[in-house]
Amino acid sequence: MKGKTKLTTFKEYKKHALKDSSLRKSLEEPDDDPFLEVAYRLIELRREKDLTQADLAKRIGISQQALARLESLSYKGHSLRSLYNIAQACGKKLQINFVPA
């Protein structure tokens, strides 16, 4: 396997993958799917606060599995109440925007 890098952890993989400028750019640009955007933002917020799913779930009174579902990229059942509770638990304000299509 000459010329290939063996990556042993996700952290190492991510560091290696983010060297690709086109990948970095695509991750930084907003997505047209609002459900994906919500999932990414929830994960980003939780990690920014250095919380595990279990920690954040406990703060808002739901199970870790329910929080994992909210962070799922395929989930489409987010409620404003859930998003509001997460924002409050992380010391943030929930803001909703409508933008030109």
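This is a predicted model: local features need pLDDT of at least 70, side-chain atom pairs count only at pLDDT 80 or more; totals for chains, interfaces and linings use all residues.
A residue counts as buried when its relative accessible area is under 20%, as exposed when that area is over 50%, and as partly exposed in between, using a 1.4 Å probe and protein chains only. Residues are numbered from 1 along each chain as its sequence is written, and side-chain values use heavy atoms, with hydrogens and water left out.

**The chain as a whole**

- The chain has 6 helices and 0 strands, where helices (H or I, at least four residues) and strands (E, at least two) are DSSP runs numbered from the N terminus.
- Reading from the N terminus, the elements go α-α-α-α-α-α.
- Of the 101 residues in the chain, 22% are buried.
- The chain exposes about 8300 Å², and carbon and sulfur atoms supply 53% of that; accessible areas come from the Shrake-Rupley method with a 1.4 Å probe, and for residues only the protein chains shown count as cover.
- Take the contacts (heavy atoms within 4.5 Å) between residues at least 6 apart in sequence: 49% of them join residues at least 24 apart.

- Two packed helices are described by the angle between their axes and the distance between the axes.
- Here the axes are lines fitted to C-alpha atoms, for helices over the stretch in contact, and the angles run from 0 to 180 degrees between N-to-C directions.
- Helix H3 (residues 34-48) packs with helix H5 (residues 64-71) at an angle of about 125°, and their axes are 8 Å apart.
- That makes H3 oblique to H5; angles under 35 degrees count as roughly parallel, over 145 as roughly antiparallel, 65 to 115 as roughly perpendicular and the rest as oblique.
- On the H3 side the contact uses Ala 39, Leu 42, Ile 43 and Arg 46, which meet Leu 67, Leu 70 and Glu 71 in H5.
- Sorted by class, the contact of H3 with H5 has 5 nonpolar, no polar and 2 charged residues; Ala, Val, Leu, Ile, Met, Phe, Trp, Tyr, Cys and Pro count as nonpolar, Asp, Glu, Lys and Arg as charged, and the others, Gly among them, as polar.
- The axes of H4 and H5 come within 8 Å and cross at roughly 105°, so H4 and H5 are roughly perpendicular to each other.
- Gln 53, Ala 54, Leu 56 and Ala 57 of H4 make this contact with Gln 64, Leu 67, Ala 68 and Glu 71 of H5.
- The contact of H4 with H5 divides into 5 nonpolar, 2 polar and 1 charged residues.

- In H5, the buried residues are Ala 66, Leu 67, Leu 70 and Glu 71.
- Looking down the axis of H5, its buried residues fall within an arc of 140°, so they line one face of the helix; the arc is that of the directions from the helix axis to the C-beta atoms.
- H3, H4 and H6 are among what covers the buried residues of H5.
- Helix H6 (residues 80-89) has Leu 83, Ile 86 and Ala 87 buried.
- Down the axis of H6, its buried residues fall within an arc of 100°, so they too line one face of the helix.
- Those buried residues of H6 pack against H3, helix H4 (53-60) and H5.

**Individual residues to look up**

- Leu 80 lies in helix H6 and, leaving aside residues up to four places away in sequence, touches Leu 94 and Ile 96.
- Leu 80 and Leu 94 sit 14 residues apart in sequence and 8.8 Å apart in space, C-alpha to C-alpha.
- Gln 88, also in helix H6, is partly exposed, with a relative accessible area of 45%.
- Gln 88 and Ile 60 are 28 residues apart in sequence but 8.7 Å apart in space, C-alpha to C-alpha.
- Ser 74 is in the loop between H5 and H6 and is exposed, with a relative accessible area of 59%.
- Ser 74 and Leu 36 are 38 residues apart in sequence and 7.4 Å apart in space, C-alpha to C-alpha.
- Asp 50, in the loop between H3 and H4, has a phi near 55°, a positive value in a residue other than glycine.
- Asp 50 counts as exposed, at 68% relative accessibility.
- Gly 91 follows H6 and has a positive phi, near 70°.
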